[in-house]
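Q: Here's a model I'd like to learn to read. Could you walk me through its features one by one?

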Amino acid sequence: MMEGPYKLPEGWRWVRLGEVATRPQYGYTAPALHEPVGPRFVRITDITSGEIYWDRVPYCKCDSRNLEKYRLRPWDVLLARSGSVGATVLVRGVPYEAVFASYLIRVRFCEQVNKFLSSR
């Protein structure tokens with residue numbers, strides 16, 4: 001059994017990230033645009049406050065293949081890999097079609113974790 005830096009609540013256990021999440025994925029490379037020409041384009045500056053203010057997120061051009069590859073879904077975790085390294089956000093909801101930018105890394109949890117997060 002894995003041990004962690006502090007005691008967990010009853011019924012919880014420590015696991016490695018790879019046991020409950022997908023392999024990390026780098027985001028989509030494109031310029032951010034103010035005109036609504038495609039999906040919203042979440043960048044590092046959009047996650048530094050710990051939440052996404054969707055009305056401030058710009059757009060990008062994105063073909064259907066890349067839209068599917070980089071589309072954001074509820075419970076995705078975005079992490080900054082440059083600039084504000086370590087800035088992180090748990091995407092609780094996605095009110096618009098949206099993709100994430102190249103200086104972000106996305107991790108997706110398994111369904112069991114998503115169900116747990118949804119119940120909170």
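A: Strands are DSSP E runs of at least two residues, and helices H or I runs of at least four, numbered from the N terminus; two strands pair if DSSP finds at least two bridges between them. Keep in mind that this is a predicted model, where local features need pLDDT of at least 70, side-chain atom pairs count only at pLDDT 80 or more, and totals for chains, interfaces and linings use all residues. Residues are numbered from 1 along each chain as its sequence is written, and side-chain values use heavy atoms, without hydrogens and water.

Q: How many bridges join β3 to β4?
A: Strand β3 (residues 77-80) is joined to β4 by 3 bridges, and Val-77 sits opposite Leu-90 in β4.

Q: How do I look for empty space?
A: You roll a probe the size of a water molecule over the atoms and see where space is left. On a 1 Å grid over the protein atoms alone, a pocket is an open set of points where a 1.4 Å probe fits, with protein on both sides within 12 Å along at least five of seven lines; lining residues have an atom within 4 Å of a point. Points join across faces, edges and corners, and volume is the space filled by probe spheres set on them. Here the largest pocket holds about 570 Å³. Its lining has 13 residues, and the closest to the centre are Trp-12, Arg-13, Val-15, Val-20 and Val-113. Helix α3 (residues 111-118) gives the largest share of that lining, 4 residues.
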